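Dear colleague,

Please find the structure below, followed by a short account of what was found in it.

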Amino acid sequence: MTKIKKVLIANRGEIALRIIRACKELEIGSVAIFSEVDVEGIWVRKADECYPIMGDVIKAYLDYEKIITIAKRANCDAIHPGYGFLSENADFARACEANGIIFIGPKPDHIELFGDKMASKVAMKKVGVPVLEGTDEPILDVNEGAKIAKEIGFPVIIKAAFGGGGRGMRIVREEKDFRDMFESATNEALKYFGRGEAFIEKYVENPRHIEIQIIADKYGNVLHLGERDCSIQRRHQKVIEIAPSPRLNNNTRKELCRIATKAMFKLGYESVGTVEFLVDEQDNIFFIEMNTRVQVEHPVTETITGVDIIQRMIQIAEGSKMIFLQEEINFRGYSIEFRINAENPLKGFMPSVGTVEKYFTPNGPGVRLDSALYTGYKVPANYDSMVGKLIVWALDWEGAVKKAKRALDEFYIEGFPTNIPLHREIVRDQDFKDGKFTTNYLD
């Protein structure tokens with residue numbers, strides 16, 4: 001076991017601040033990096049040390065050669081990538097290893113495998129995980145795609161083979177629309193991910209999006225921290241996440257957890273990760289992807305289990321064995337996370353920027369806020385629109401919804417539009433209160 005003494009956080013915003021806090025509790029030094037527009041970032045102030053990365057403000061958090069150089073200059077023995085940016089970049093993980101720096105995450109080969117949606121689908125199928133009918137190889141040719149889609153039967157979904165976050169994704173309900181949709185999806189994938197290949201799958205109507213949180217050490221111990229319901233989405237991007245799912249059949253829950261843990265054990269996975277599934281109206285289960293990083297929505301799992309997922313990631317990277325057994329994990333209550341975005345719901349969810357002029361945050365029992373905002377902070381236009389995450393907890397689902405309603409009503413940000421008004425509407429909607437929602441809920 002190698003004790004980590006100092007961690008560089010290769011990220012920004014609330015997740016950088018979250019990792020800094022975990023390091024402080026583990027008595028590990030923290031090093032922040034920042035682009036030219038992030039000089040006033042609160043994570044920069046909270047870290048033990050900070051270093052600028054000048055130049056293009058987007059590429060600043062993607063230039064892993066510069067990041068590794070800074071880590072070596074600061075005498076860091078580990079790097080935590082957070083989520084987004086370099087978090088699922090196998091070359092970055094390998095470069096860390098080559099420079100004698102611990103990458104706090106899974107093995108590069110697993111990052112590479114699950115970063116390729118087609119290869120991961122084939123691998124999961126081999127270890128007994130149910131997958132959707134569709135292509136086993138990425139395709140670029142629209143004629144080939146049209147032929148495959150017709151064989152599968154409409155509706156189908158086109159997905160970018162080398163991307164995520166809802167980009168390069170199109171649902172095609174009729175054959176006549178396939179060509180335009182395919183070209184649109186592959187062009188978007190090329191723009192955002194540098195590769196236009198796509199794969200085609202049977203589209204499941206009205207599914208629930210359920211994911212299983214996995215933790216695995218370097219000694220073959222794999223366990224789960226239950227499921228999260230991520231069905232409430234807009235344009236295939238998650239908006240609200242819930243743990244546990246309020247209307248999931250208990251037998252289906254057990255089967256999802258069994259499948260996910262068994263697959264990760266067979267594949268020799270290490271670190272934390274999330275196995276994502278679709279569950280149809282008949283409770284059939286279909287694997288969709290595996291995320292080899294900490295998820296944006298990890299706080300709801302921490303809230304119902306008491307397990308600090310970031311700390312566990314660090315300790316596993318050090319070589320620590322699992323400190324608890326599956327049966328020792330206690331699931332208690334319900335937790336809901338609301339992604340707070342700087343965007344205007346009344347203008348097509350147009351991203352917004354500005355200075356935080358007034359900032360009143362919710363508080364009280366069962367309320368957590370992960371955010372890098374403060375009064376006077378200028379939200380830059382260069383990054384994702386998410387500026388915080390409001391997490392609530394209560395012993396039962398009804399109590400969690402009421403807690404959410406109260407917390408959202410207390411939350412006030414002045415200076416730019418946010419999606420808080422949308423969340424206030426959702427928690428007052430009867431279908432939401434009844435736990436009746438699928439991936440089509442917001443549509």
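**A nonpolar patch and its surroundings**

L62 lies in the loop between β3 (49-52) and α3 (64-73); helices (H or I, at least four residues) and strands (E, at least two) are DSSP runs, numbered from the N terminus. The model is a predicted one, in which local features need pLDDT of at least 70, side-chain atom pairs count only at pLDDT 80 or more, and totals for chains, interfaces and linings use all residues. Residues are numbered from 1 along each chain as its sequence is written, and side-chain values use heavy atoms, with hydrogens and water left out.

With a relative accessible area of 37%, L62 is partly exposed. Buried means under 20% relative accessible area, exposed over 50%, and partly exposed in between (1.4 Å probe, protein chains only). Together with I58 and F85, L62 makes a nonpolar surface patch of about 220 Å². Such patches consist of residues with over 30% relative accessible area and no salt bridge, nonpolar side chains (Val, Leu, Ile, Met, Phe, Trp, Tyr) being joined within 5 Å and like charges within 9 Å. A salt bridge is a side-chain nitrogen of Lys or Arg within 4 Å of a carboxyl oxygen of Asp or Glu.

**M313**

M313 belongs to helix α11 (residues 309-318). Its relative accessible area is 2%, so M313 is buried. Apart from neighbours within four places in sequence, M313 is in contact (heavy atoms within 4.5 Å) with H80, I104, G105, S271, V272 and V294. Of this group, H80 is 233 residues from M313 in sequence, yet 9.0 Å from M313 in space, C-alpha to C-alpha.

**Cysteines**

The structure holds zero disulfides, a disulfide being a pair of cysteine sulfur atoms within 2.5 Å. For C96, which is in no disulfide, the nearest cysteine sulfur is that of C76, 11 Å away. C96 counts as buried because its relative accessibility is 0%. C257 is likewise in no disulfide, and the nearest cysteine sulfur, that of C230, is 13 Å away. At 5% relative accessibility, C257 also counts as buried.

**The protein as a whole**

The protein has 14 helices and 24 strands. Its C-alpha trace spans about 55 × 50 × 50 Å along the principal axes. Buried residues account for 59% of the 443 residues. Among contacts between residues at least 6 apart in sequence, 66% join residues at least 24 apart.

With kind regards

Technical notes
Accessible areas come from the Shrake-Rupley method with a 1.4 Å probe; for residues, only the protein chains shown count as cover.
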